[in-house]
Amino acid sequence: MTTSTDPAPRSALRRAFEFPNPVNEYAARSTAGIIVVLSLAVLAVGLLTGWGWPLWLIALGFWLRVAGGPRYSPAGRLAVHVIVPRLGKRRLVAGPPKRFAQTIGAVLSTAAAVLWTAGLAPVAWVLLGLLIVAASLESFAGFCLGCWIFGRLQNAGIIPEGVCEACSNIALRRG
């Protein structure tokens, strides 16, 4: 018999929205590469035709990755199940900074979609350009801007150490 104090429904919900930890850095970089290509295509089409509705698809993809990592995201699944196995590379990194980075992407892309919908296309394209720069840094240079911001916020005490023990403990990072 299930009662209101039974934790089972909550744990099932929590499992549905778990973000992987650790994360394969090459999967994250591959996903970022997919986002760069999609975003460049959306930007080109948007500038040529005025169509900005695909911004909503980019935003949806980010929110799906925030919700559960690559599990719900077509781009994430393509990266994890098709691209990365062909690379044969694996480098595990902490999950919380990657989720934070995905959240920044979700906010930027959603803001761009809202601005385009509100008739402010030039500002939407600037935000998409910022997203392209950040995703390019991740994909091609291995520098996660969102992860870097996460680290600065954790060092400042804004993000508690317990959110990412591996991030806050240098000995764990080396281990």
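## Ser73 and its surroundings

In this predicted model, Ser73 touches Gly61, Leu64 and Arg65, leaving aside residues up to four places away in sequence. Ser73 itself sits in the loop between helix 3 and helix 4. Its relative accessible area is 1%, so Ser73 is buried, the cut-off being under 20%.

One of its polar atoms lies 3.0 Å from the backbone nitrogen of Gly76.

## The main nonpolar core

The largest nonpolar core contains 22 residues. Within this core, the residues with the most contacts are Val42, Leu55, Ile58, Phe62, Trp125 and Leu128. Five elements are listed as giving two or more residues to it: helix 2 (25-49), helix 3 (54-68), helix 4 (74-87), helix 5 (95-117) and helix 6 (121-141). Helix 6 supplies the largest share, with 7 residues.

Val42 illustrates how these parts meet. Residues up to four places away in sequence not being counted, Val42 touches Pro54, Leu55, Ile58, Trp125 and Leu128.

## The second core

A separate core is made of 5 residues. Among them are Ala94, Phe150, Ile159 and Cys164. Cys164 is also one partner of a disulfide, formed with Cys167.

## Cysteines

The count of disulfides in the model is 1. Cys164 and Cys167 form this bond, and their sulfur atoms are 2.1 Å apart. A disulfide is a covalent bond between the sulfur atoms of two cysteines. The torsion about the S-S bond of Cys164 and Cys167 is about 65°, and the disulfide is therefore right-handed.

Both partners, Cys164 and Cys167, are buried. Another cysteine, Cys144, has a relative accessibility of 9% and therefore counts as buried, since the limit is under 20%.

## The annotated segment 31-64

An unreviewed UniProt entry lists residues 31-64 as "transmembrane region". Such an annotation may be inferred rather than shown by experiment. In the model, the chain over residues 31-64 is 88% helix and 0% strand.

Conventions: Residues numbered from 1 in each chain as written. Predicted model: local features only at pLDDT ≥ 70, side-chain atom pairs only at ≥ 80, totals over all residues. Heavy atoms only, no water. Core = buried A, V, L, I, M, F, W, Y, C linked by side-chain atoms within 4.5 Å. Buried < 20%, exposed > 50% of the residue type's maximum accessible area, 1.4 Å probe, protein only. Helix = DSSP H or I, 4+ residues; strand = E, 2+ residues; numbered from the N terminus. Contact = heavy atoms within 4.5 Å. Polar contact = N/O pair within 3.5 Å; in protein donor to acceptor, adjacent residues only side chain to side chain. Disulfide = S-S within 2.5 Å.
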